[in-house]
Each structure stands twice: as structure tokens, then as C-alpha cells.
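Subject: Model for you to look over

Hello,

Here is the structure I promised to pass on. Please open it first, then read my notes below.

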Amino acid sequence: MVSRVRSLGLHGIGGYEVSVECFLGGGLPAFDVVGLPDTAVKESRDRVRAAVVNVGCSFPLGRITINLAPADTKKAGTVYDLPILLGLMLCVGQLERIPEDAAFFGELGLNGDLRPVSGALPMALAAARAGIKQLFVPASNATEAAFAEGITVYPVAHVSALMDHLKGVKGLCPASPPDLCQLHTPVPDFSEVKAQENVKRALEIAAAGGHNILLVGPPGAGKSMLAKRLPGILPDMSREEMTEATEIHSVAGKTDERMPIVTMRPFRSPHHTVSSVALSGGGGMPRPGEISLAHTGVLFLDELPEFTRDALEGLRQPLEDGRVTISRASGSYTYPSRFMLVCAMNPCKCGWYGHPSGRCRCSESAVRQYHSRISGPLLDRIDLIIEVPALEFDELKARPNGESSAAIKERVDAARQLQRRRYASRGVPCNAYMQPKELQEWCALSPECEALMRSAFETMGLTARSYDRILRVARTIADLAGSESIAPEHLAEAVQYRTYQFQEAT
């Protein structure tokens, strides 16, 4: 006898339907799983066997063959435990039928409990696209899966409860979508930061246009403190952005019952010892890296020159394209990686180069060597470079009385709203991602602005890429001012954010 149970699988961060076919034949007892299963899938034999016995059923004798179709796609993880068990129950007559529009996934405990798996939301979205109307998942995954629209999700805590539901003895209650208002976590406020008004202004511009920014200053000046407050002024996430971010975090195993949906823009801050694979993604079975986990949010790289060259150079293509493609023998995987890059660094190895106290003892060659750790092409992809000066005593003893994050966020939201209306039919999320056509249409310069830009281009030795990035920043400054066109003062402010001089290695 052959039975068939619908299930789901993962490829990258996308889900796809898997048909779990079970055949019970004669011969010596055996249990084979085919369809390119990995070790975790093959080990389901022992979990299923123990779960069947411990829920009071008899494990069938004979030759059992489980096929996971499509058979030419590699299957990984423990998601197929539950559908394999149900297929066996159909073959031996413990279940009469399973609804055609139902699908199942989940990891089995030896006593029949259902344990959570990674990737619940992308698999639920794939189920909805495949026309599945009922989805049975582990209870811990139910809230996350219920975020998918057009499908009814049933939480299953134990196999016996699912068997009762399918037999019509006692029904399961569908899971409710998560209450997004209760999932927000507090973020540090800008009002707690003393002085540094010029840096706050630069961060406001970066948030309003989605621009990359580099903070340069001595130790203790507040670079990390300011960067960690950036999520508090970023625009609220749309439902589409929440879905994209949650898919990535779910596949990476970062979601749980307490926080099933990503409702606030991610803030990822990997240590400078991170490998290029951990930063960009990869591995034997490719997984999302830090740049994908920061999708729709912020990637903060503190002590930028201390990161390895390979790790930093791996950022160049994702910064341009908003996605990263990882190719392995098992296939090619594309992960979204549209993030704001926020970096912080000291001006030299000791951190005090150029400070009036004269405490820096680094030689000019040592400073050049330190700066040379950051390549020109990477610096070219950073829109704003701002100096963060050390605070004086009078500034430190004063009570912080700066603007709150809420007040800054109002201006950022207004600027983003302008951009959403402007690019409604263009597919451009914000100013930082304007293409040449948008630059030509929305960043046209007056004769006075052209003269200013020509002077800056020739004096500062700008590249074509940095020229475009200055225009994008100027457009954001104009949006914050509510101006239809870029004025000379907007362009002048954008230019000043690229005036920091790095010492070139000789």
C-alpha cells in the first residue's frame, strides 16, 4: 500500500512543497528513506519508530520505503518526522484519511511530542502559494506560521492530539496571528547622548535616506553609543519587510515563541573576529550571514580596520545589489541583504591621532598603514564620513538635553514618506538605492549647484560612484527640508560629509 502526505521543505530562505510517499511491502523488516535525504532526515527512522510505539500504536513489520518528492532536490533537517509518521499510520490503517488540502511538518520527540523547527514562516508562505488550506505545525512554531495569510495553522503539541483531530474525536484550535504591538522591544534614546549634535544630524540624514555612514573618532567619544540608538529613529517596518526579515531569521533559527516575528529593524553588530563566511553567509548547507540577518535594518561594524580584508571586501557586491549569492556544489542560494552599513573606527591604532592633547605616539607611516586596511572601493560605497570629537569636561558634566529619538523619527518618517510617494512605481525603497534614471530625474542640479559640484569633484578627486552618492545624500537633505529641488546649501552639506582625509599608504 502507498500513502501520500503533503509537507514542506526549504531551499535557501524559500519554501517549497514536498510530497512524502510511504510504501509498506513484504520481506525482511527495513526502513529506507530516499529522495536525497541528509543525515538528520535519515535519522527520522529511529525517532518515528519510538514515537509510534510510545503513542500506543504498533510499528508495522515489513519493508518500509519513504520517498521525499521531488527526489532530485536535497532534503535537510527534521521537518519530515511528522509527515513520515502519518504516512505510516495511513499504511497500517491507524488513520483512514488525511484532508487533501492539509500539510504537516515538525520534529518528533521519542515520546511523541512535537518540537519546533527552523523556517516555519517561509514554509507556511509556500503552503499558501501551493493552495494548502490547513497547516499542522509544532505548537512552538504556530504563532510564527500564522503570520502567513490565506492559511489556517493548527498548533500540535503531541502526536496523540493530532490523531484525535484527524479522527474527529477532538479538534485542535487554530492559532491566532501574533499581536505585533506586543513584540516591540525598547531602544536607547538619543536624548541620553551629550553634545555631538553634528553626528546626530549625520545619523538623521543616514536614517532618512538609508545611507551608509562611517564614524571616526577617539575612544570614548560615543561612536558605539550613537550607532546603537540608530534603530530608534528608523521608519517602522511594513508588513512586507517584516515578512522578509522574519523569513531570514526563521531559517537561521533566530525566532522563538517570545519573538516569532521580526517587527523592529534588525541591528546586527558582529565582533571584528567574524569570518567572511559568517558575515556574508555560506557553509556546507549555506546559511544566511550577518549581512542577510541585517536585511531591512542596520549592520554595525565597530573597529572597522580590525576586520579581516576578506570579510570587508565581501561587502562590496551586496552593498551595491542588495542581495548576496552563494554558490556551492549543492546549488546556488540568493539571500536578500539590503541593509544600512554603519561603521566606527579610531583615527589611528592608539586612537588619539590629531587630538590636541598630543597623546598619540603613532608615526605617520603607522597611521597610513592603519588607514590602508580599508580599501578605496569600500570607502567609495560609504555615503557619509563624520568625525566624532572627544567631549570636553564641561560637556560631560552637563545634563543631556538633546532631542529625543521620537522627535528625530518624525522628520525621518516625513522624508521617507516623500520618497515612498516619489518612487511608488519604480521599486526603489529609498534614496540610497536610486538608479541612474532616478538620479537624472530627481537630482537635477541648478547652474550654481553644478559649479559647486565641479569644484568639489576636481578638488577632492571624486569618483563617479562617490559623485552619485553625494547626489543621493543631497536629495535626502532636501527631503528633510521639504524642498522639491536640491539647493546649494543641501549639496554643500552633502559634500562636507566626504571631506575626511584618510592617509594614503606609500
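Predicted model: local features only at pLDDT ≥ 70, side-chain atom pairs only at ≥ 80, totals over all residues.

Does Tyr467 count as buried, partly exposed or exposed, and at what relative accessibility? Tyr467 counts as partly exposed, at 29% relative accessibility.

The overall picture

The protein chain has 506 residues, and 52% of them count as buried. It holds 21 helices and 18 strands. The C-alpha trace spans about 85 × 45 × 45 Å along its principal axes. The chain exposes about 22,100 Å², and carbon and sulfur atoms supply 50% of that area. I also looked at contacts between residues at least 6 apart in sequence. Of these, 74% join residues at least 24 apart.

Aromatic pairs

The whole structure contains five aromatic pairs. Two of them are described here. A pair of aromatic rings is described by the distance of the centres and the angle of the planes.

Phe104 and Phe136 are stacked, with 4.9 Å from centre to centre and 15 degrees between the planes. This pair links distant parts of the chain: Phe104 sits in strand β5 (residues 102-104) and Phe136 in strand β8 (residues 134-138), 32 residues apart. Phe104 is buried, with a relative accessible area of 0%. Phe136 is buried too, also at 0%.

Phe457 and Tyr467 form an edge-to-face pair, 6.2 Å centre to centre, with 85 degrees between the planes. Phe457 lies in helix α19 (residues 447-460) and Tyr467 in helix α20, so this pair ties together parts that are ten residues apart in sequence. Phe457 is partly exposed, with a relative accessible area of 34%. Tyr467, as noted, is partly exposed at 29%.

Helix α7 against helix α20

Helix α20 (residues 464-480) also meets helix α7 (residues 197-209): their axes come within 9 Å and cross at roughly 100 degrees. On the α7 side, the residues in contact are Arg201, Glu204, Ile205, Ala208 and Gly209. On the α20 side they are Val473, Thr476, Ile477 and Leu480. Sorted by type, the residues of this contact are five nonpolar, two polar and two charged.

Backbone points to check

Most residues other than glycine have a negative phi, and most peptide bonds are trans.

- Ala69 and Pro70 are joined by a cis peptide bond, with omega at about 5 degrees. Pro70 is in the loop between β4 (63-69) and α3 (81-91).
- Ala195 is not a glycine, yet its phi is positive, about 55 degrees. It is placed in the loop between α6 (159-167) and α7. Ala195 is partly exposed, with a relative accessible area of 24%.
- Thr296 also has a positive phi, about 70 degrees, without being a glycine. Its place is the loop between α11 (290-293) and β14 (298-301). Is Thr296 buried or exposed? Thr296 counts as buried, at 7% relative accessibility.

That is the handover.

Best wishes

Terms used
Residues numbered from 1 in each chain as written. Heavy atoms only, no water. Axes fitted to C-alpha atoms, helices over the stretch in contact; angles between N-to-C directions. Helix = DSSP H or I, 4+ residues; strand = E, 2+ residues; numbered from the N terminus. Contact = heavy atoms within 4.5 Å. Nonpolar A, V, L, I, M, F, W, Y, C, P; charged D, E, K, R; others polar. Buried < 20%, exposed > 50% of the residue type's maximum accessible area, 1.4 Å probe, protein only. Areas by Shrake-Rupley, 256 points an atom, 1.4 Å probe, with all protein chains shown as cover. Phe/Tyr/Trp six-rings, centres within 6.5 Å; stacked < 30°, edge-to-face > 60°.
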